[in-house]
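Please open the model in your viewer and keep the sequence at hand.

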Amino acid sequence: MLKLYYATGTCALATYMTLEEAGADYTAERLSFKDKQQSSPDYLAINPKGRVPALVTDRGVLTETPAMLAYIAQIFPKAKLAPFDDPFDFAQVQSFNSYLCSTVHINHAHKMRGARWATEESSFADMKVMVPKTMAACFALIEQKMFKGPWVMGDQFTICDPYLHTLSHWLEGDSVDINATPKIADHFKRMSDRPAVRKVMDAQKA
Ligand SMILES: N[C@@H](CCC(=O)N[C@@H](CS)C(=O)NCC(=O)O)C(=O)O
């Protein structure tokens, strides 16, 4: 059985929601960032990167959200979470998720994780100032150039949707008004009503 390691409010929720959408048989274990469980020897033995998500499979541990989402879509083909029959369409899915992973997520991380890139307090403060600007710019680009509607990739719900929804949750804390991007605001509402998403959000509160 699959086992997901996650933490509340993190990018790992995209994988959690995707497991639910796929109807997967899995367990989920929550780590406490407050207690720095992601850096504990036990967890580092599972994921030496010290980050969530990590997905334990019968073939070994997977990390990196875009890889995990594509894996889940492939092992649960009946859920039709990615267009594997069309190389170009699937490349667009990967392109979108790679942008979230490599650009949007990294911009957001400059608010809390400045110590990854600098040592001076003034550098941390400077990085934090940029977060509302860089996040707003990324979401404006997604809204205007990438989001097809009604789902990210058009009519078909894909692994891009839980991932976008997860990062959309960060906007308020990053002082970005989601209503400045009406298509993404509407996507956020529709995603929030999905049973899979509700289940994951409720599990976080438990
Ligand atoms: N590229 C990774 C990023 C994973 C990542 O940075 N996760 C954050 C939570 S959103 C984390 O575990 N942070 C803990 C830390 O930095 O100590 C992915 O997309 O899966």
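Select Glu64, which is partly exposed in this predicted model, with a relative accessible area of 37%. Glu64 lies in the loop between strand 4 (60–63) and helix 3 (65–75), and Lys49 in the loop between helix 2 (41–46) and strand 3 (54–57), so the pair ties together parts 15 residues apart in sequence.

Keep Glu64 selected and display the ligand. Which residues come nearest to the ligand? Of the 15 residues around it, these are Arg51, Val52, Glu64, Thr65 and Arg116. Now inspect individual contacts. A backbone N or O atom of Val52 is 2.8 Å from a nitrogen atom of the ligand. Gln38 places a polar side-chain atom 3.0 Å from a ligand oxygen atom, and Arg113 has a polar side-chain atom 3.5 Å from an oxygen atom of the ligand. Taken alone, the ligand exposes 520 Å², of which the protein buries 87%.

Next, turn to other charged pairs; the model has a count of eight salt bridges. Select Glu29 and Lys3, whose closest N and O atoms are 2.8 Å apart in a salt bridge. Glu29 belongs to strand 2 and Lys3 to strand 1 (residues 2–6), so this pair ties together parts 26 residues apart in sequence. Glu29 is partly exposed at 33% relative accessibility, and Lys3 is partly exposed at 26%.

Then select Asp174 and Lys111, a salt bridge with its closest N and O atoms 2.9 Å apart. Asp174 lies in the loop between helix 6 (160–168) and helix 7 (182–192), while Lys111 is in helix 4 (residues 87–112), so the pair ties together parts 63 residues apart in sequence. Is Asp174 buried or exposed? At 2% relative accessibility, Asp174 counts as buried, whereas Lys111, at 23%, counts as partly exposed.

Move on to the aromatic rings, where the count comes to five pairs. Select Tyr16 and Tyr26: their ring centres are 5.9 Å apart and their planes stand at 85°, so the pair is edge-to-face. Tyr16 is buried, at 8%, and Tyr26 is buried as well, at 15%.

Finally, select Arg194 and Phe157: the charged end of Arg194 sits over the ring of Phe157, 3.8 Å from its centre. Arg190 lies over the face of Trp151, 4.7 Å from the ring centre.

Technical notes:
Residues are numbered from 1 along each chain as its sequence is written. This is a predicted model: local features need pLDDT of at least 70, side-chain atom pairs count only at pLDDT 80 or more; totals for chains, interfaces and linings use all residues. Side-chain values use heavy atoms; hydrogens and water are left out. Rings of Phe, Tyr and Trp (its six-membered ring) pair if their centres lie within 6.5 Å; planes under 30 degrees apart count as stacked, over 60 as edge-to-face and the rest as tilted. Buried means under 20% relative accessible area, exposed over 50%, partly exposed in between (1.4 Å probe, protein chains only). A charge sits over a ring if NZ of Lys or CZ of Arg is within 6 Å of the ring centre and within 35 degrees of the ring normal. A residue is near a molecule or strand if one of its heavy atoms lies within 4 Å of it. A polar contact is a pair of N or O atoms within 3.5 Å; within protein, one must be able to donate a hydrogen and the other to accept it, and residues adjacent in sequence count only if both atoms are side-chain atoms. Accessible areas come from the Shrake-Rupley method with a 1.4 Å probe; for residues, only the protein chains shown count as cover. A salt bridge is a side-chain nitrogen of Lys or Arg within 4 Å of a carboxyl oxygen of Asp or Glu. Helices (H or I, at least four residues) and strands (E, at least two) are DSSP runs, numbered from the N terminus.
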